Amino acid sequence: MCPGLPKMMLSPDQAADSDQPSSAPSDPESLEAKGMRSCCTSDLEAHEGDGEVGIAGGRAPPHPQQPLSREEKRRRRRATAKYRSAHATRERIRVEAFNLAFAELRKLLPTLPPDKKLSKIEILRLAICYISYLNHVLDV
C-alpha cells in the first residue's frame, strides 16, 4: 500500500470477478484511467528509460549528470595514484625539513653528554628552559 493513497475497495461485481485470474492490464495508462495507478509506479518509470533498476530492485540509481560539488571533485582528484604519489613526496620533503630544523636546534642546546639523543618534545622543553636562562642572564 502506498502512503497518501486511499485503500481501494472492490464493488460486488468486481469481487465476483476476483476469483478468476487477473487479466487486467498493468500498463500505467490503463491503471491511471481506472484510478489505480500506484505511487511506486512513477518511481520505476522515472528510471525505466535508462535501464536502471528502481528502488524495489535494490540498486540505487546513479547520480544525475549535474556538475560535481567542489568537495566531490577534490575527493575524486585525491583518489588518483598520481595525486597520492605527489602528496607522499610533498609530505616526505616536509618531514625532512621539520627534522632538519630540530637537528639544528638540538646543536644549539647545551647538554651533558653533548651527543645525548633527545626526543622532539625534550628538545623543545630544553630550548624553552635555555631561552629563559639566557633572558635571566641578560637581565642581571
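## A network of salt bridges

E71, E72, R75 and R76 are linked in a network of salt bridges, a salt bridge being a side-chain nitrogen of Lys or Arg within 4 Å of a carboxyl oxygen of Asp or Glu. This is a predicted model, in which local features need pLDDT of at least 70 and side-chain atom pairs count only at pLDDT 80 or more, while totals for chains, interfaces and linings use all residues. Residues are numbered from 1 along each chain as its sequence is written, and side-chain values use heavy atoms, with hydrogens and water left out.

R75 is partly exposed at 46% relative accessibility, a class that lies between buried (under 20% relative accessible area) and exposed (over 50%), using a 1.4 Å probe and protein chains only. E71, at 49%, is partly exposed, and E72 is partly exposed with a relative accessible area of 23%.

## A salt bridge in helix α5

By this rule the count comes to four salt bridges, and one of them joins the side chains of E91 and R94 at 2.8 Å, N to O. E91 and R94 are three residues apart in helix α5, so about one helical turn separates them. E91 counts as partly exposed at 31% relative accessibility, and R94 is partly exposed at 48%.

## An aromatic pair

The structure holds one aromatic pair, where rings of Phe, Tyr and Trp (its six-membered ring) pair if their centres lie within 6.5 Å, and planes under 30 degrees apart count as stacked, over 60 as edge-to-face and the rest as tilted. The rings of F98 and F102 have centres 5.0 Å apart and planes at 70°, so this pair is edge-to-face. F98 is partly exposed, with a relative accessible area of 41%, whereas F102 is buried at 12%.

Leaving aside neighbours within four places in sequence, I123 is in contact (heavy atoms within 4.5 Å) with F102, L105, R106, L109 and L118.

R106 is found in helix α5 (residues 81-108). Is R106 buried or exposed, and which side chain of opposite charge is nearest? R106 is buried yet has no salt bridge, and the nearest such side chain, D115, is 6.6 Å away, with Lys and Arg counted as positive, Asp and Glu as negative, and His and the chain ends not counted.

## Confidence in the model

The chain averages a pLDDT of 73, and 54% of the residues score at least 70, where pLDDT is the predictor's confidence in each residue, from 0 to 100. Over residues 4-10 the pLDDT is below 50, and this stretch has eleven contacts in the model beyond near neighbours in sequence. Residues 36-55 also have a pLDDT below 50, with 29 contacts beyond near neighbours in sequence.

Key:
Helices (H or I, at least four residues) and strands (E, at least two) are DSSP runs, numbered from the N terminus.
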